[in-house]
Structures are given as C-alpha cells and as structure tokens.
Amino acid sequence: MNPNIASLYTIASKSERTIIGLMSGTSLDGLDVALCRFKGSGLSTEVELLQFETVPYTEEIKKEIRPVFSKRDTDLQQICLLNAWIGTLHASMILDCLQKWNIPPQQVDLIASHGQTIYHAPKHLHQIVQFPNATLQIGDGDHIAVKTGIITMSDFRQKHIAAGGEGAPLAVYGDYILFSKKGEDRIMLNMGGIANFTYLPGNLDASQMFSTDVGTGNTLIDAFTRLYFNKPFDENGSIADSGKVNQELLRSLKGHPFFQAGFPKTTGPELFNIAYVQQAQQQSQTQGLSAEDIIATLTRFTAESIADAILRCFSIITPVIYASGGGMHNPVIMRMLRILLPGYIFKDTSALQIAPDAKEAVLFAILANESIAGESLQNQSKSPGIPGVYMGKVSFAL
Ligand SMILES: Nc1ncnc2c1ncn2[C@@H]1O[C@H](COP(=O)(O)OP(=O)(O)OP(=O)(O)O)[C@@H](O)[C@H]1O
Ligand SMILES: CC(=O)N[C@H]1[C@@H]2OC[C@@H](O2)[C@@H](O)[C@@H]1O[C@H](C)C(=O)O
C-alpha cells in the first residue's frame, strides 16, 4: 500500500485528531489559523479549539491579490503565479504559528485549507445559460502539504457545486454538527466581508435547516473606508457614527434584484463593490454626499440587508441569534441590528465555546474531519443548497 494511504487510514481510525482549519475570507484581512482537537465525527463530534490566530496580510500581500480579486478582466499569469505563491505563503504562516505555539508539525494530523476566493460566480450572477454555478479558490493544497509536511485537504467548494449547490455557504455543515440544540431555534449569523446565516431548528429536523448569504457584510464599508480615509476598516464604526444615513441612497442600494430573489442564494464582491455603490449614487442623485454619510449609509445597508432577510424568513418564531465574524466588532452594525430586530436575543458563538473570529476556520476543520472520518452523511439534508456530500481534495506531503 502507498504509505500516504496508510497514514490517511491511520488518521481516520484515530480516536482523536488534530486538525488545523484555515480561512482567508473576502475581507482580505489575513489568514485565520485554528488548531483544533477532534473526537468523533458527525453529530457526536467534539471539537476543542486549542489555539487560534489571525495572521494579518501585509499591504504587499494585499497588493498582489487585489488586482485579480473578484475582477473579470485580469492578468492570467498573475493568477497562475498566485496559486502557488498563496499556497506557499499560507504554509509558512502555519509553520510560524506552530512554532509560536510550540507544537511540532508532526503532531498535526491534517490541514483543512479554504484557499483564497478570487471569483465567485453563481448562475444568477453570470447569467450565461450554458454555464453552471462556479467559484474559484486559489492557494494550492499541494504547496501547503509539501512545505509543512502535513496532509492537506483543500478546494472544498467544487464538490458542493458538482452536487447542485452554489459552492457556498458551507458553514451550514459545521453549524449543524456543532451548534444544533434541541429546544432552541438558532440563527448562526456570520458577518465577514459578506454576511450569511444558517438556521438551525430546535426540533433538529435537518430538512428545515437552511443557509444563505444575505448581502454585503463589511466589504463595502471596508472599500469606502480605504478609498476615502486610507484605513483598512471603520474601526468601531466611528466614521459611520459621525455621518448620517441617506435614505435615497439606501433605497437605491436595496433596489437590486438580488434582494428580491428567494433563499438560499450566494454572493460576493463581484456584485457588491465600489461600482455598485457609485451606480446607486447616480440613480439616487447623491454623488455629493460626504464620505462620512456614505459610510453611515453603507453600514445601515449592511444592517438592513441582514435584518430584512431574517424578517422575511421568520414570521412566527424568533430564533436566538449567535453572531460571529468581524462585523460583530462594529458597534454601529450591532446597534442597528438590535433596533431592526426587536424581540430577538443576540449572543455570539463564544457562548457556545467557539471564539467568534475563529468560527469559519473551525468549520473548515470540521469539513475535513467529516471527509476523513465521517461514517455517514449525518448532515445530509433535503434542503436546497445543502447537498449531502463529503468535500475537499487530499494533497499528500510526499
Ligand atoms: N473593531 C472593529 N470595528 C469595525 N469593524 C471591524 C472591527 N474588527 C473587525 N472588523 C471588520 O471585520 C472584517 C473582517 O471580518 P472577517 O475576518 O470575519 O471577514 P472574512 O472572514 O474575510 O469574510 P468572509 O466571511 O466574508 O469570507 C474587517 O475587514 C472589518 O471590516
Ligand atoms: C465563495 C466564498 O468564498 N464565499 C464565502 C464568502 O464569505 C462569506 C460568504 O461569502 C460565504 O458564502 C462564504 O464563506 C463561508 C465560510 C461559507 O461558505 O459558509
């Protein structure tokens, strides 16, 4: 037997596995590295988050990725170079973390790497009849495996598309396994670059569970804070707080057919970008707004997109909302959400023993644990957008 297959078999048979989950999201802020210890699989999974770190992307790294990030017209050579370069970069970030945590790489069984999304094109975005849903994550797993010496799983989204999904949100699989709770209806709300949520019914009926993107999270706030203030994000919402929401611009921002479309649906900065806002400004004749008012309006746009989607989905019940992702650190978004969603209880995932900034990286570690050790597709659901499949491709180190 090939010794790689034998090691994989050994890892799959262990009673405990150590898996590093990686996530580098649409905010391009850095690489989330979550070192997790797993026992079991499926609904009996137990995860302990041993270490977590967000390794920030330097301006030099962002400068290399931005020209291809969610751009239709781009340099194919740059994509080709980045695919290997990001893999190598992520590998050295992992090795630095392990050194800092004083953990030899030999103690890690697997790496679960999301990669860097550079283009997400569900059918409703590209609208080309003969092409299916599509998405592209780069930072090839082979480079991570060879450089770290650790078996790496990557490219989780393609199987989801092959089985009929849009390639996202994938969080739902881990949300179901980790956070479903009999007797409590839950919304797992993640506010990263893009905002999404998973509904977990308190009756544990997987066929009622669903997951959807709802629109922009921080991506537009970040883009305009960069444009006008040369800062990466609106820290603590202080710029939004100093501006006034413009109702005409807000109405125009909310006018896109994406918001009328049914659930589940996915999106990205391919739609929600600077041009999207400029077009809305033109339509609403609000080109003269101050930078502060634009950021206040975009912050409100984020909060209303989330609240409208939740109110559309739940007319009778008010599930408990567990927030995660960088947007929960923006007090203006959180204040608006509390006003827009009266009667809802807000918590964050630390109440469920997972640090909110680490949640997405942990969820990719869960996907890898399932693919290696899952004995049945416990997360299989009849809900649209949640095909019952094992995801991820294996890269051996040798
Ligand atoms: N103190 C803060 N004040 C305001 N915003 C903050 C704060 N801390 C983080 N953020 C926001 O959170 C963003 C990062 O969020 P996160 O890391 O969850 O995004 P991501 O994982 O890249 O996105 P996605 O989930 O869409 O892939 C930052 O770009 C910023 O907009
Ligand atoms: C294509 C892609 O990378 N999508 C991300 C993005 O960031 C948030 C939202 O859009 C979500 O759909 C997804 O990530 C999370 C981790 C998911 O798949 O659940």
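How many residues of domain 1 are in contact with how many residues of domain 2? The count is 35 residues of domain 1 against 36 of domain 2, where contact means C-beta atoms, placed from the backbone, within 7 Å.

## Basis

The model is predicted: local features need pLDDT of at least 70, side-chain atom pairs count only at pLDDT 80 or more, and totals for chains, interfaces and linings use all residues. Residues are numbered from 1 along each chain as its sequence is written, while chains are lettered from A and ligands numbered from 1 in the order in which they are written.

## Two domains

Domain 1 covers 3-171 + 358-395, and domain 2 covers 173-352. These bounds come from an automatic or database domain assignment. Taken over C-alpha atoms, the domain centres are 24 Å apart.

Three elements each supply at least two residues of the side of domain 1 that touches domain 2: β4, α4 (123-126) and α15 (359-373). Helices (H or I, at least four residues) and strands (E, at least two) are DSSP runs, numbered from the N terminus. α15 gives the most, with six residues. By class, this side of domain 1 has 16 nonpolar, 14 polar and five charged residues. Ala, Val, Leu, Ile, Met, Phe, Trp, Tyr, Cys and Pro count as nonpolar, Asp, Glu, Lys and Arg as charged, and the others, Gly among them, as polar.

## Around ligand 2

The shell around ligand 2 holds 18 residues, each with its C-beta atom, placed from the backbone, within 6 Å of the ligand. Thr117, Ala168, Pro169, Ala171 and Ile194 are the closest. β4 (110-121) and β8 (194-200) are the elements that give two or more residues.

Each of domain 1 and domain 2 contributes at least three residues to this shell. Eleven shell residues are polar, five nonpolar and two charged.

Technical notes
Two residues are in contact if their C-beta atoms, placed from the backbone, lie within 7 Å.
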